[in-house]
Structure formats: C-alpha cells, structure tokens
Amino acid sequence: MRPLYTAAIRLYAAAVHAAAPFHGKARKMIDGRRSIDDVLREKIVPGARYVWLHAASLGEFEQGRPLLEAIRQRHPDYKIVLTFFSPSGYDVRRDYPGADVVCYLPFDFPRRIRRFLDRVRPTLALFVKYEFWLNTLDELRRRRVPTYLVSGIFRPGQLFFRSIGRPYRDALRCFDHLFVQDETSRQLLAGIGLTNVTVTGDTRFDRVIDIRHAARPLPVVAAFAERDARPVLIAGSSWPEDEALLIPYFNAHPDLKLILAPHEIHEAHLAAIEARLTRPALRLSRADADTAAGVDCLIVDSFGLLSSIYRYARIAYIGGGFGHGIHNAPEAAVYGVPVLFGPNHRKFREALDLIACGGAYSITDASTLATRLDALLADPDACTAAGESAGAYIQQHSGATEQILRAIDL
C-alpha cells in the first residue's frame, strides 16, 4: 500500500505544480518548498538539539504554540524548528520569534523527507491535531525519534476506522504517544488496538488564556466601545454569508453597536460590507479615538487584533458556520461573553461543549439570529450568565500543555 500512497502524493504534487501559474496559494506552496534546503543550510546549527513541531496551518500552530513557548522557557538550550504545510500558516508566522527555523514541510516523498531529517536531526517531533504523513512518520520511527501527536481529535467516519484504512492505522502506530482532546477519541483508538493514548484536552485553551492575559491596549477600539452604554456585538472572522444576516439586524437596531472583523480584508469585500451598512461606519485603519467615538460600526481591516478586540464584546459572533466550519470560538469565550455561530460547527468539540454548558448558541438563519440576539439583549442577567458559563468552560479545560510536557518529561 505504501507505493500507492507515495504515487498519490506525487499526483497531488504534480497537480499543485500545474496549478501554480494560475493559483496564488499553489504558487506559494511550490515556491516555499523550493527554498527549504536554502533555509536549512542557512539556519540549522550543526550539533544543536532541535525540537520539531509541525502544524498544517495557522489554527494548528496556535494549538501547538503553548508547547513551543513552554519548551523554550524551560529548555533555552534547545532550538526549535517549526514547519507548515499550508501558506496560510507559513505566511503569517514565517517570522515567529519563538522558533529558530521556520519553513515548509516537504511533500511526503521518501527521499525529500530523508534529506529534511538529515539536516534537522530532531531530538523530538510534535505533530498537531491531524497531520499524518505516512512516509514522514515511518522515517521518524526508523530513526527512533520520539514522536507525539498533540491535541489530536478523532471521529468515527475517519479513514483510520474503515476497512480500507490500514496504512493510516499503521501511521498512527508510528507515534510514541497520542495526546487527544476527548474520551471519544481515546475509545476510537482503543478500538483499533492503540492504547498509548492519553486524554489531555486541547492546548488551544491554554493559548487563549495566554492571549487574554497579554491582550494589548487598543485605544481607538476602546473609544468606540466605551463612548456610551450601548452593548457591542463583535463579529469575528465573518464571511459574506454571516454578514448577510448580521448587517440587516444591526441596521435595524440603533441600540446596538457593531465591530465587524471580516475573515478576508481585500478591498472588494470591505466595500461590499460598507455598501450594506445604513448606519455610520468607519474602517479601523482610518479611525482615531475621536472619529471612532462618532460611529456605530467599526470595520477591522487588519489582521492580528481580533483576539484582543473580543474583550470589548457584550456578545460575540464567530464566522464560518455557513461555510466550511466556524473559526476560533474559545478566542472569544475566554473573555466571558456568550458566543453565537452558524450551523456548521459539529466537528468542533468546543462548540458543542459551549452549547451544552449554556455559553453558546447555534443559529441557522436571520430569524434565529434575531430571536437569540433579542433575548440576550433584553435580559442582561441572562446574557451575563451565558458569558460566565462560556468563560468557566475555558478555564475548566485548560492545563493540557502542562500535562503533555510532564508526560514526555520536558
């Protein structure tokens, strides 16, 4: 089966190469991988001890980040290699100061992986959540590099648990230990004979708690949010499908203020948002404390601020639930505010848990959005209680980072 897997990877890589002249993401994937050898030659220090963490993209990096930063603090003599599969992670964190080397992971061809490992010679390898590259994992096992999955989560329909999934089950056996988010994952893995599994929860909760403690002051946003007693709805990582519901509600409710942080901030999208709004609005990049205090809607047209902005919310709305899936609900819930999101949230354990504890609500259309917002805004005590439930859930599920580090003796 392994030759068939490698052939499939070659077909995938060929397709990415073919798409590169016409597709920006594909072009970045190819160009970035061409530079791997140069980056390693320049930055790898011979004889140093390297911890290697691999994350598919930005969200997975944020899950792994608490581990990296704890390792850095406890073992300043270790060096860290951080790899990404996707440009959406690499582009944002290519200059991450917590790693000594940041680059792409090579396509999973045996020869390229051997060359990568020959240069890095990791002491330890950490894979975040769901990265299962068969040739890479097999080579790590052959070299006897301690290899761990962190914040893993598994569902019954995945390939590992189907009759055709034997090669991927073999890949899971390459891990020295699997640290998973929930008991369901542990039971699924036990069903295929894997017992080197520990339920530690999601390191992302540790990350959002760290972010809250380090949240930077935002005087312009504060001037907007605090200029009067009207509650602020913050919509984070919104897509057009989310905005089609949120903006009409906002337009019809002058007793509500809105901070809108769209997932995509290109000019066409920002202009489309502005065209829908019938109340005074301003882009954050064009605002100062005085002008922000004079509008009802602030449009966040830059990246990297949302996690700090959520502190000003009375209610938070998380985008993506009418598309591929919701974005980072814990990032808002950690501030002790109720969270709303669309119907495509069932693959996200934290979303289901937040609903179950009364800290979050799923909406399906404009009517359910209006019903839920009306109820929360009309009953401040109920809104506060829902927010407290959300914040308590995050605190109760923190601590995964420390458990993992203890288990791997770091």
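## Helices 12 and 13

Pro240, Glu243, Ala244, Ile247 and Asn251 of helix 12 are in contact with His269, Ile273 and Arg276 of helix 13. The model is a predicted one. Helix 12 covers residues 240–251 and helix 13 covers residues 267–276. Their axes lie 10 Å apart, and the packing angle is about 30°. Angles under 35 degrees count as roughly parallel, so helix 12 is roughly parallel to helix 13. The crossing of helix 12 past helix 13 is right-handed.

## Leu245

Helix 12 also holds Leu245. Is Leu245 buried or exposed? Leu245 is buried, at a relative accessible area of 16%. The cut-off for buried is under 20%.

Which residues touch Leu245, once its neighbours within four places in sequence are set aside? The contacts are Phe322, Ile363, Asp365, Ala366 and Leu369. Take Leu369. In sequence, Leu245 and Leu369 are 124 residues apart. In space, their C-alpha atoms are 7.5 Å apart.

## Aromatic pairs

The structure contains 21 aromatic pairs. One of them joins Tyr5 and Tyr168. The ring centres are 6.3 Å apart and the planes stand at 80°, so the Tyr5–Tyr168 pair is edge-to-face. Tyr5 belongs to helix 1 (residues 2–19) and Tyr168 to helix 8 (residues 166–172).

Tyr5 is buried, at 9% relative accessible area. Tyr168 is partly exposed, at 24% relative accessibility. Tyr168 also pairs with Phe160. Here the ring centres are 6.3 Å apart and the planes meet at 75°, so the Phe160–Tyr168 pair is edge-to-face. Phe160 is buried, with a relative accessibility of 6%.

## The aromatic cluster

Tyr5, Phe160 and Tyr168 are among the members of one aromatic cluster. The cluster also includes Trp52, Phe116, Phe127, Phe132, Phe154, Phe161 and Phe175.

## Charges over rings

Two side chains place a charge over an aromatic ring. Arg10 has its charged end over the ring of Phe109, 4.4 Å from the ring centre. Lys257 lies over the face of Phe224, and the distance to the ring centre is 5.4 Å.

Methods. Residues are numbered from 1 along each chain as its sequence is written. This is a predicted model: local features need pLDDT of at least 70, side-chain atom pairs count only at pLDDT 80 or more; totals for chains, interfaces and linings use all residues. Side-chain values use heavy atoms; hydrogens and water are left out. Rings of Phe, Tyr and Trp (its six-membered ring) pair if their centres lie within 6.5 Å; planes under 30 degrees apart count as stacked, over 60 as edge-to-face and the rest as tilted. Helices (H or I, at least four residues) and strands (E, at least two) are DSSP runs, numbered from the N terminus. Buried means under 20% relative accessible area, exposed over 50%, partly exposed in between (1.4 Å probe, protein chains only). A charge sits over a ring if NZ of Lys or CZ of Arg is within 6 Å of the ring centre and within 35 degrees of the ring normal. Axes are lines fitted to C-alpha atoms, for helices over the stretch in contact, and angles run from 0 to 180 degrees between N-to-C directions. Angles under 35 degrees count as roughly parallel, over 145 as roughly antiparallel, 65 to 115 as roughly perpendicular and the rest as oblique. A crossing is left-handed if the near helix is turned anticlockwise from the far one by less than a right angle, and right-handed if clockwise. Contact means heavy atoms within 4.5 Å.
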